[in-house]
Amino acid sequence: MPDALASVELEPVEQIHATLVDRIAKDELKLPLLPQVATEVLNLTSDPDADMAKLATLIQQDQAIAGQVLKIANSAAYAPRSPIVSMQQAVSWLGMKMLGELALTVSIENGVFRVQGYEPEITSLWRQALASGLYAKEIARQGRHNVEGAFLCGLLHTIGKPIVLQAVLEIQHSMSITLEWQAFSMLLDVHHVQVGAAAVEKWKLPPQVKEAILYYRDFTQVPNPSPVAMVTCLADCLASNILGLDLLDATTMETLPVVDALNLYPDDMDELHGQADKILQAVDAMVV
Amino acid sequence: MSLKNHFDMLVIGSGPAGQKAAIQGAKAGKRVAMVERDKQVGGACVHHGTIPSKTLRESALNMVRFQRTSNVFDFRLRDDLTVPALIERLDEVIQAHSAFMAAQLDRNQVTRFHARAKFVSEHEVEFTTPKRTTERYSADVIVVATGSRPRRPDNVPVDHEHILDSDSILSMTYLPKTLTVLGGGVIASEYASFFALLGVQVVMIDQADRPVRFMDAEITDGFVQAFQATGGRYYGEQKIEEVKWDGLSKVMTRLGNGETLDSEKMLMALGRVANIEDLNLAAVGIEPTPRGLIPVDEFFRTTLPHVYAVGDVIGPPSLASCSMEQGRRAACHALEIDPGHPAEMVPMGIFTVPEMSSVGITEEKAVSRHGGGALVGRARFQEIARGQISGMTDGLLKLVADPQGKKLLGVHIVGEGATELVHIGQMGLLAQVEIDHFVENIFNFPTMAETYRVAALDIVKQRPR
């Protein structure tokens, strides 16, 4: 911690905040590596010449991921005709893109959304990320925007939160202080955008993902008009709503600026609300 | 109804047809309102149709121009070429066009509303905003110009992810390796030719033996040849039994002959349907046709004399140019203004690569009308100096004349610049110029206008002695 900060009498949360700001400014925040499998899955599924066998082999290389993927593939949300017992069978049942999406999701969960001692909070963040990804696809489909990329934008728009949480834990440990979850939550909220954007840049993810992270809270600031931030913003709101994190009634939700920006009429919103059960089912299936 | 909520003319829809109707009404000094369901004015033409597709076309053509100069520049397509990169100017173009149109409407004091509209009585329309607020407005004259949207046949599960339509095709972020295009109409042919030119393996599938059947067969043959030269394939006379995303990596198209074609993506372009559902036409007794269109008379009046319908909502030709004129003429008729002589002939312009365009009657029609004696003159672009200079050697201009080879009856062109070149023929047809005029008069040299002289000479030498 810099001397200048140490000399000032600050509340613990302010001290951590100041340290975080300092580390971010100096590019000293430890950003996790994108799990190797996730990187390879991303490369493979975006390669039009890739074959299914390669994907199955790749996922099998990580037993933990393979096990989770098979568990999800056998869940009610994906309704297999008969039990899926092999990765090859999973590829054939779910399809390369969906299996790739699942493997990516699971490996991000394993690599980033794991913070010991904060399992319920992390699970809540993870469920919100998943629901946002799934909702983003439906919003994009409805608005004739890119559906394929919407999932990743929704899934990763708050990827900064578990990273900030990990950093805060380290800092509080080094300072021998303990914060309440409310204080954590405030720090996550303040810093996740910048940290998340830095992480996905480091992971060399598509630029739309960074755009979604940077602007989902204020889509009017996007330098070039693009629906990515708007879609992610609404996906975030709808996901929080169905998960009970931010309860807005349907009428209040229709008054959100993003609904107006996406030119959604009440029946369009009704259609999106109608997807809630399907999305919750898929989220439940993916949270192992 | 308060005076504030009453207008002389209310236009529903802000596409080319609605816009021209509103401007005509305003220029006649009337109090005009326009209601549009989208945030911006312009309709599908600006946001999903003409403007976006032509922007992609321009990029594809720019690439061809670069490729032609490959002996000067080391040019090759980037492996990671994305669709957004190809249409990066699109937002700029749309914003500029939309802003221009909005400014024109504002300048003419057309009151604009952002809402959906539905009839509640013969003169009253209810507006519902995205925020669910409603308000009623009335008008002496109502012009319906709500346009159209892609048709969704039951056997083609459009998901806008793997199976796309013309509203979502440009949301793709990368160029697929393979693309199946269902349909053989204007939209199908245009997109098929653009993507083929961009290196995508494109297969067009349609029931007809050739695409764009309303055009002269020799012209569409020229288009198909050019399309196939870029690696595309036209698969005609095929019935589509089933289309499905296999859940793995491809869209499967099962044909009536039992054959199955696979592709990475699909564009479904099997026609369009009129946007009439939200209008509550039943409330005013307007009965749509069996094809879901609003029936109108020669003045674009519906069964209610003060309610007009123009543009795609009344059906073919569904060309922006015609829709604009329909809008203007409908407003003129409603306001008892002389609209001038109706356009005797409408040029058809199809922005495929290469372009196709025509005006007047086809060779087939001329033959049936004149008992088999119609004379046809042809000029191939490769014979024209300008064609050689510009590298535009694949093209054909065809003049159709009466059996004496005197009277011009039709002009049909395939090749780059066809949609511009056709206007010389259109003016000739309107002025009833004789074939000899094209021979005796001087055109700039070297220009593509020379094709008219070459084709006219071809007719002259076939004249009966």
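Against which elements of chain B do the buried residues of α13(B) pack? The legends below, which describe a predicted model, begin with that helix.

**View 1. Helix α13 of chain B and its packing partners.** The helix covers residues 450-460 of chain B, and its buried residues are Glu450(B), Thr451(B), Tyr452(B), Arg453(B), Ala455(B), Ala456(B) and Ile459(B).

**View 2. The largest nonpolar core.** This core has 94 residues, and those with the most contacts inside it are Ile59(A), Val69(A), Ala103(A) and Leu234(A). Helix α8 of chain A, made of residues 119-143, gives the most to the core, with 11 residues. When its neighbours within four places in sequence are left aside, Ile59(A) is in contact with Val37(A), Ile65(A), Ala66(A), Val69(A), Met87(A) and Ala103(A). A second, separate core of 78 residues includes Leu56(B), Leu197(B), Val202(B) and Ala366(B). In soluble globular proteins, nonpolar side chains tend to be buried together.

**View 3. A hairpin in chain B.** Strand β4 (residues 116-119) and strand β5 (residues 124-128) of chain B run antiparallel and are joined by 4 bridges, and the hairpin that they form has 4 residues between the two strands. Within this pairing, Arg116(B) stands opposite Thr128(B) in β5(B).

**View 4. The contact between chain A and chain B.** Here 20 residues of chain B are in contact with 21 residues of chain A. By class, the side of chain B that touches chain A has 11 charged, 6 polar and 3 nonpolar residues.

Note on methods. Residues are numbered from 1 along each chain as its sequence is written. Chains are lettered from A and ligands numbered from 1 in the order in which they are written. This is a predicted model: local features need pLDDT of at least 70, side-chain atom pairs count only at pLDDT 80 or more; totals for chains, interfaces and linings use all residues. Two residues are in contact if their C-beta atoms, placed from the backbone, lie within 7 Å. Ala, Val, Leu, Ile, Met, Phe, Trp, Tyr, Cys and Pro count as nonpolar, Asp, Glu, Lys and Arg as charged, and the others, Gly among them, as polar. A nonpolar core is a set of buried Ala, Val, Leu, Ile, Met, Phe, Trp, Tyr and Cys residues joined through C-beta atoms within 7 Å. A residue is buried if 20 or more other C-beta atoms lie within 10 Å of its own, exposed if 12 or fewer, and partly exposed in between; C-beta atoms are placed from the backbone. Two strands pair if DSSP finds at least two bridges between them.
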